[in-house]
Amino acid sequence: MGFNKAKGRMFKSVAWTWNPCAGCTHACKYCWAESLTRRWGKDFAPVFREKYLQDKFPNDGSWIFVGSMGDLFCEGMETEWILKVLKKIETAENNTFLLQTKNPLRFSEPHISYALEDIKDKIVLGTTLESTWDTSDLTKAPAPYERAYSLMNSKRDGYKTFLSLEPLADFDLKFLTSWIRRIKPEAIEIGLENYTSFTKKPSPSLICDLVEWLDKNDHTYILKENLDWVPQAIQEAIQ
Ligand code: SF4
């Protein structure tokens, strides 16, 4: 069985993770999935686990995070594998699938875009942004502005969207909020780098400004454990 209970402070609708494809070619320096996979003595090259397509979906109304141990849309994933996974999703009756990637540019590839269109009501398309600035020193994934613009296009095409700001590095508040305004995500996860220290962390006041803006603009967000202090800091600043 390829489903695992979602752990940690994930968006509360996400109950399961499912990894019919695993591994990734983005080589993010802070990648915990790669460290974990290597600790298990395996390499992190993309793989397709076709037997997972035999799994029965939980059919419980929850969200399933597809590809928590890799990136389903990284360049190393073969189009044929992606199409098979999307075809399997088409059979789901009562689940929503979160397709989260640092390469949302692939959402608009011809075969993939047609397959996504067929399951539009069952999926949420997501991307991760660490910053609004250049991230080529951190990852081989497309630049944050390319990821953001791709997701804006998905929103414009009628998809539900999701944003992960984790691990959040220093960013420009004006750019980030203008992107969020256009992406209109169902929810936003925000967290700092946890186990490594490759990112230049944003200042506490910048994080508070972002959270205040999200509150003011009625966005749903979840703060990861390492940002537990933010609501208190905002309260103290107001008093
Ligand atoms: S995109 Fe995700 S899975 Fe791929 S290397 Fe980066 S953090 Fe790891």
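Start by selecting Ile190, which sits in strand E9, the stretch covering residues 188-190. Keep in mind as you look around that this is a predicted model.

Is Ile190 buried or exposed? It counts as buried, because 21 C-beta neighbours lie inside 10 Å, and the cut-off for buried is 20 or more. Now bring up the residues that Ile190 touches, leaving aside those up to four places away in sequence: Leu165, Glu166, Leu168, Tyr221, Leu223, Lys224 and Leu227.

Next stop: a pair of helices. Select residues 79-89 for helix H2 and residues 110-118 for helix H3; their axes come within 10 Å and cross at roughly 5°. H2 and H3 are therefore roughly parallel to each other, since angles under 35 degrees count that way. Want to see who makes the contact? On the H2 side, pick Thr79, Ile82, Leu83 and Leu86, and on the H3 side, His111, Ile112, Ala115 and Leu116. Colour this contact by class and you'll get six nonpolar residues, two polar ones and no charged ones.

Last stop: the ligand. Which residues surround the ligand? Show Cys24, His26, Ala27, Cys28, Cys31, Ala33, Glu34, Gly70, Asp71, Lys102, Thr139 and Ala141. Colour this shell by class too, and it splits into six nonpolar, three polar and three charged residues.

Notes:
Residues are numbered from 1 along each chain as its sequence is written. This is a predicted model: local features need pLDDT of at least 70, side-chain atom pairs count only at pLDDT 80 or more; totals for chains, interfaces and linings use all residues. Axes are lines fitted to C-alpha atoms, for helices over the stretch in contact, and angles run from 0 to 180 degrees between N-to-C directions. Helices (H or I, at least four residues) and strands (E, at least two) are DSSP runs, numbered from the N terminus. Angles under 35 degrees count as roughly parallel, over 145 as roughly antiparallel, 65 to 115 as roughly perpendicular and the rest as oblique. Two residues are in contact if their C-beta atoms, placed from the backbone, lie within 7 Å. Ala, Val, Leu, Ile, Met, Phe, Trp, Tyr, Cys and Pro count as nonpolar, Asp, Glu, Lys and Arg as charged, and the others, Gly among them, as polar. A residue is near a molecule or strand if its C-beta atom, placed from the backbone, lies within 6 Å of it. A residue is buried if 20 or more other C-beta atoms lie within 10 Å of its own, exposed if 12 or fewer, and partly exposed in between; C-beta atoms are placed from the backbone.
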